[in-house]
Amino acid sequence: MEALFTFLFKYRPLLFQEGRIVFQPPLPVALLLVLVAGALALIVWTYRRQGLRAKPRDRVALLVLRAAAFAVLFFCLLRPALVVSSVIPQQNYLGILIDDSRSMQIADDGETARSQLVASAFSAENATLLRELEERFQLRFFRFSEQVERLESPAALEYAGARTSIAPALDRVREELGALPLSGVVLVTDGADAAAALTGGASPLSDALLGMRSAGVPVYTVGVGREAFDNDIELSRVSVPREALKGTSLAVDLLLTQTGYSGRTITILVEDDGAVVGSQEVELPRAGEPTPVRVSFNAPAAGARRFRFRVPLQDGERVAENNEQDALIDVRDGPEKILYFEGEPRFEVGFLRRAVAADSSLQVVTLQRTADGKYMRMGVDSAGELFTGFPATREELFTYRALVLGSIEASHFSHEQLRMISDFVSERGGSLLMLGGRHAFAEGGYAGTPVADALPVMLDARFARDTAFFDTLAISVTRAGAAQPALRIAETPAASQERWRALPSPTTYNRVGELKPGAVALLTGEGRRSGSGRPVLAYQRFGRGQAFALPLQDTWIWQMHVDVPLEDESHELFWRQLLRWLVSGVPQPVVARAATDHVAPGDPVRITADVSDDRFAKINNARVTALVTAPDGSESEVPLDWALGRDGEYGGIFTAPAVGLYTVQVTADHNGRPLSGRPVHVYADAPRDEYFSSQMRAPLLRRIADETDGRFYHMADVGSLAEDIAYTGRGATIQEEHDLWDMPAVFLLLVTLLAAEWVYRRTRGLA
């Protein structure tokens, strides 16, 4: 379209946008007006002579056509000209910023890399664009990725930068060239800047663009690459737990996007140190639709494990690097202590303990009341542990990570102990599981107590009056339960649901009410007295921790019923996985976090720690230190300072200079008493951010150009760049005049008007 406009009007549309039209008649205007008036009079007289032959409408039509032709001639006599400002050759500077990051190595068409396109325009000896720019401007080249550097020649570009950072690059050019007559800045990039792609609110890019606009420096953006790939699969997000017990079944949520592979079934692989530990087949939907996927696998070895989630490269894919994501998980070996308090001898105790006996990651400390004031202790670490019964202090109770309450009435506890159990969940961040029994839930008098506040189901004191309640329940798994790895008791989700339906029906003495807002039912039951949809296993978050309700009194039947084969381990799997869930994510007195678990070598890493005492009360006057162990085994200490205004929060920064795993152990000293938690791990490696959403981001580049009064170009249209900057740039300029009277459009219009008059006369028989 622009080529047609240039043919008709002699000059490109840009000159008309930037310039103004003036008239320079060779004769005085008054004399020209007299000549025009005479010409019009001659036209009228000519057609009046033909008045006998021509009708009035013919005379009007011919008069208009002849007058229009004379008007075109009059326009030419006025000698119109287009006046534009043009930069003075070699008197102005032009900054050229070239993206030197790894995404410029992508070959969008499978053959020519983006870097080759840039080289052909700005580096090659016969580059027409470079020659035109050099004729008009003093050029200053810069390379940018995560750093910005002056560049003697574009031929020195390496395209090895870890990430694209546009805002610092624009700031650097403005600061370095701001004192010179600067016509503009050319930004050559694919726009793969994750930070710059965010819009709205204050951001480094917004500030950089405001600075360029204030300085009157236009930015001419040149987009390199395609705006969309024909064939691509991208594993864009992976959500993993920060820590897990060794051998735990993990469910990790991923997000896939794709183009060109709709309807294809692909396999997602999970690798631990090169060994495949899990996989999931996925049928891809329509292109552009994000596909959430849940992958289940086991964490087979302890330590800081770097799991890789990968989609094998498909035929026709141009970018392989965005097919995989890495995630760090701290896999712990345990054991994690759980307190199980049972109020009466029953089979559930023995079978629960036997189910987890072989799990070295779990330590179930059992306190069973045998008579008033008499207890049997199992699994304790010392003779003094639980010697007087249930813990009487917060410090003693808070040493456990989870609490299981069996058939024990609320009146057995003091009010302070009931409050302590509630605080164990909400403040300490532990987990509470209440089992069914004759003295549990409302039947045990818990309605209206602090413990009832923590439970995920409503308790009604009226239920306690029906001491004869008893029901048999057929168990089914809810949709939420099917997605929970702790309830997977077979190889696949479908087989697991079928296995749950086939298990023998357990019994209950407890009638629980509706789920609380925010609570989730994982298992439901249907019974003769209970009806359908009754919560059998439910949980909710409560403060820092979580609480579970399992109102069954004989899950051991899943092991001992005559219909259950001897080799069936559904009961053992259920209890091992449920108890592992209870202890996962339970905090220690010192909880350290890294802002990210993956950084580029040399990047700063911010460490934040929440520090509490043995009662899990926040501490603001502790001396907190992070011991950083580098990949080569060297150690360094980083002091963490209290974050003013945030109780118990401390922070500090260290740098990860080399590739590898960094272990950060945070310790606190409070009045001479040491406190610690689990280490946090950070892996330094070359980031792959450049390869995600690596299509050329035209909207971002258009925004940069529009907000600075520049222009956006595709690489194929960059040939006019030098001329455009010459007429739209800033700096030292001169006025240029370009004649308009000899435009082809003027000649064509004149010929058209004369021809139209002749055709009209012939058609009407007036020739």
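Glutamine 484 lies in the loop between helix H13 (479-482) and helix H14 (493-502). Helices (H or I, at least four residues) and strands (E, at least two) are DSSP runs, numbered from the N terminus. The model is predicted: local features need pLDDT of at least 70 and side-chain atom pairs count only at pLDDT 80 or more, while totals for chains, interfaces and linings use all residues. Residues are numbered from 1 along each chain as its sequence is written, and side-chain values use heavy atoms, with hydrogens and water left out.

**Glutamine 484**
- Glutamine 484 counts as buried because its relative accessibility is 18%; buried means under 20% relative accessible area, exposed over 50%, and partly exposed in between (1.4 Å probe, protein chains only).
- Apart from neighbours within four places in sequence, glutamine 484 is in contact (heavy atoms within 4.5 Å) with Arg294 and Trp581.

**The three-stranded sheet**
- An open sheet of three strands has the order S8-S10-S13, with antiparallel pairing; two strands pair if DSSP finds at least two bridges between them.
- Strands S8 (232-239) and S13 (291-298) stand at the edges with a single partner strand each, so one side of each has no neighbour in the sheet.
- Seven bridges join S8 to the antiparallel strand S10 (residues 249-259).
- Isoleucine 233 has glutamine 258 as its bridge partner in S10.

**Alanine 287**
- Alanine 287 is in the loop between strand S12 (275-283) and S13.
- With 44% relative accessibility, alanine 287 counts as partly exposed.
- Not counting residues up to four places away in sequence, alanine 287 touches Gln258, Thr259, Gly260 and Ser262.
- Alanine 287 and asparagine 231 are 56 residues apart in sequence and 9.7 Å apart in space, C-alpha to C-alpha.
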